[in-house]
Amino acid sequence: MPVRIGAKNMKISDLTKEHVGKACAKFNRYSDRIVNTEVIIDLCDNKHAEAETIVKVPPQRIVGKADSSHGNLCRAIDAAAGRVATQL
């Protein structure tokens with residue numbers, strides 16, 4: 001399943017892309033009807049990281065948002081993906 005990754009205020013590294021792919025790979029275990037997955041990440045002032053994961057499963061759209069006050073982008077990505085997995 002391809003994952004679209006968008007970024008605000010930063011450039012996406014290969015390591016970040018790989019981490020997002022691993023975090024979203026588990027969604028297929030919960031549903032085989034997933035049409036699209038998108039992750040939007042934002043790093044504000046190197047102190048605050050936000051991640052939003054959007055999964056489209058007809059007829060609904062599942063959204064998980066998370067942030068990390070210490071600028072830990074991986075923690076925010078994992079938390080947002082976990083919230084989506086809970087809803088799936």
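The model is predicted, so local features need pLDDT of at least 70 and side-chain atom pairs count only at pLDDT 80 or more, while totals for chains, interfaces and linings use all residues. Residues are numbered from 1 along each chain as its sequence is written, and side-chain values use heavy atoms, leaving out hydrogens and water.

**Stop one: two helices**

Select residues 14-25, helix 1, and residues 73-87, helix 3. Helices here are DSSP runs of H or I with at least four residues, and strands are E runs of at least two, numbered from the N terminus. The axes of this pair are 10 Å apart, at an angle of about 20°. Helix 1 and helix 3 are therefore roughly parallel (angles under 35 degrees).

Now show the side chains where they touch, with contact meaning heavy atoms within 4.5 Å. From helix 1, Thr16, His19, Val20 and Ala23 meet Leu73, Cys74, Ile77, Asp78 and Ala81 of helix 3. These contact residues divide into 6 nonpolar, 2 polar and 1 charged.

Next, pick Asn9, in the loop between strand 1 (3-8) and helix 1. Most residues other than glycine have a negative phi. Asn9 has a positive phi, near 65°. Is Asn9 buried or exposed? Asn9 is exposed (over 50% relative accessible area, with a 1.4 Å probe and protein chains only), at 63%.

**Stop three: two prolines**

Finally, select Pro58 and Pro59, which are joined by a cis peptide bond with omega about 5°. Most peptide bonds are trans. Pro59 sits in the loop between strand 3 (48-57) and strand 4 (60-68).

Technical notes
Axes are lines fitted to C-alpha atoms, for helices over the stretch in contact, and angles run from 0 to 180 degrees between N-to-C directions. Angles under 35 degrees count as roughly parallel, over 145 as roughly antiparallel, 65 to 115 as roughly perpendicular and the rest as oblique. Ala, Val, Leu, Ile, Met, Phe, Trp, Tyr, Cys and Pro count as nonpolar, Asp, Glu, Lys and Arg as charged, and the others, Gly among them, as polar. Buried means under 20% relative accessible area, exposed over 50%, partly exposed in between (1.4 Å probe, protein chains only).
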